[in-house]
Amino acid sequence: MGDGPLVGRHVLLGVSGGIAAYKAAELARELIRAGATVQAILTQGAASFVGPATFEGLTGRRAHVGVFEDPHRILHVRLAREADVAVFAPATANLLAKFASGIADDLVTSTYTCLTCPVIAAPAMHTEMWEHPATRANVARLASWGVRIIGPEVGQLAGGDEGPGRLSDPGEILAAAAQTLVTPEPDGSLLAGLRLVVTAGGTREPIDPVRYIGNRSSGKMGYALAAEAQRRGATVDLISGPSHLEPPPGVSVSHVETALQMRDAVVALADKADVVIKAAAVADFRPVDYHEQKLKKDTAALASVILTPNPDILAELGARPHDALLVGFAAETDLEEERGREKLHRKGLDLIVINRVDMADSGFNVDTNRALLLTMDGRRREVPLTTKAELASVICDEVEALIRMRAP
Ligand code: CTP
């Protein structure tokens, strides 16, 4: 047994009725190995897949299924009060739906509604169920209440189908449970006292004094990140493309317009930074020529503007020797994991945030976002629809986790 955050802590393990219930037994064993006390509770459905005796054998405690198994001590209330962290794995579509609407019609759901500790849910179900709007809405709702959703992973499902829906590995679920129990650093956050460079907004690549090539980025995500890092005690340099947003108080802001100006500003600050977060939407190309005078609309130079590639600032930072943690963004019209992972490696990043930019409630110029976070060490975290402020907080948590891992 190690000396990790789970030692001596009480983990409530809620298991619902899916084929992945057998993996919950492995999770129970891993949690016990990590030094935790594990209290398993099962839905009737779960008990049809894996019997309570399996969990009792692994945990050394009675695994409960019914609400009235200990009527003298109001079982669900007691179980909830004992827990330092609650993990629901697998969490079926039905369980998530009940959690999201406050239904408490069995032991697992009644206990959930009594919990005040951190809660983790690891969904597992068929892809169609995971992608159903009801499930998406339920997951978003639970996430907005602070429930940490781990997975599901893409892979082979029961019946031979393939797609998102597979329960995350027990090791990953355990790591998430452990993370919720890490005692905060004495100064509150691992970012306290560190130097962060955050880029935000889009760039504008001028054609003449009036016209430019730009994009829809508003800067909201980058400004939310700068605000969150500053709140955690970091010294933040925000490098912003044109934006209407008020800079967060206490953050030092450099305003730039073009990709080349952004590169100069980033390079000037990156060497002194502990973390560089590149949330800016940098134009990939700029016009070769800038015309000092406004072009008349019938000018040939306006009919076909010749473009040249801009340097990829992030890839440049990743390619040269650096100590700073590098966090990049990928604006995608789907959350394609393979492409994101390829970008993570190609640009030499520690963390990539893949965010959806093609939906009315996610992406440019709205206050909410949905994202998939991938780290260099192979971790993944899907963040369902949430506010950009909350996503900024999740990103800062992941940066802190990377800093913790780097620590000697
Ligand atoms: N980025 C950058 N410099 C550029 C372009 C992008 O630093 N000239 C950074 C962005 O700030 C972001 C990340 O790179 O953090 C991802 O940019 P994106 O445009 O999604 O990636 P590309 O590699 O350009 O891929 P794609 O061809 O899919 O657009």
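**View 1. Proline 90 in strand S3.** Proline 90 belongs to strand S3, residues 85-91; strands here are DSSP runs of E with at least two residues, helices are runs of H or I with at least four, and both are numbered from the N terminus. Alanine 89 and proline 90 are joined by a cis peptide bond, with omega at about -10°. Most peptide bonds are trans. Please keep in mind that this is a predicted model, in which local features need pLDDT of at least 70 and side-chain atom pairs count only at pLDDT 80 or more, while totals for chains, interfaces and linings use all residues. Residues are numbered from 1 along each chain as its sequence is written, and side-chain values use heavy atoms, with hydrogens and water left out.

**View 2. The cis bond at proline 152.** Here the cis peptide bond links glycine 151 to proline 152, and omega is about 5°. Proline 152 lies in the loop between strand S5 (148-149) and strand S6 (153-156).

View 3. Among the buried residues of H1 are Ala24, Leu27, Ala28 and Leu31, where buried means under 20% relative accessible area (1.4 Å probe, protein chains only). An α-helix has 3.6 residues a turn, so residues three or four places apart point the same way. Just after H1, glycine 35 adopts a positive phi of about 100°.

**View 4. Aspartate 208 in its loop.** Look for aspartate 208 in the loop between strand S9 (205-206) and strand S10 (212-213). Its relative accessibility is 2%, so aspartate 208 counts as buried. The C-alpha atoms of aspartate 208 and histidine 291 are 4.7 Å apart, although 83 residues separate the two along the chain.

**View 5. Backbone atoms facing the ligand.** An oxygen atom of the ligand lies 2.7 Å from a backbone N or O atom of alanine 280. A polar backbone atom of isoleucine 313 is 3.0 Å from a ligand nitrogen atom, and one of leucine 314 is 2.9 Å from a ligand oxygen atom.

**View 6. Elements around the ligand.** Helix H13 (313-319), strand S16 (325-332) and helix H14 (337-346) each give two or more residues to the shell around the ligand. S16 gives the most, with four residues.

Notes:
Buried means under 20% relative accessible area, exposed over 50%, partly exposed in between (1.4 Å probe, protein chains only). A polar contact is a pair of N or O atoms within 3.5 Å; within protein, one must be able to donate a hydrogen and the other to accept it, and residues adjacent in sequence count only if both atoms are side-chain atoms.
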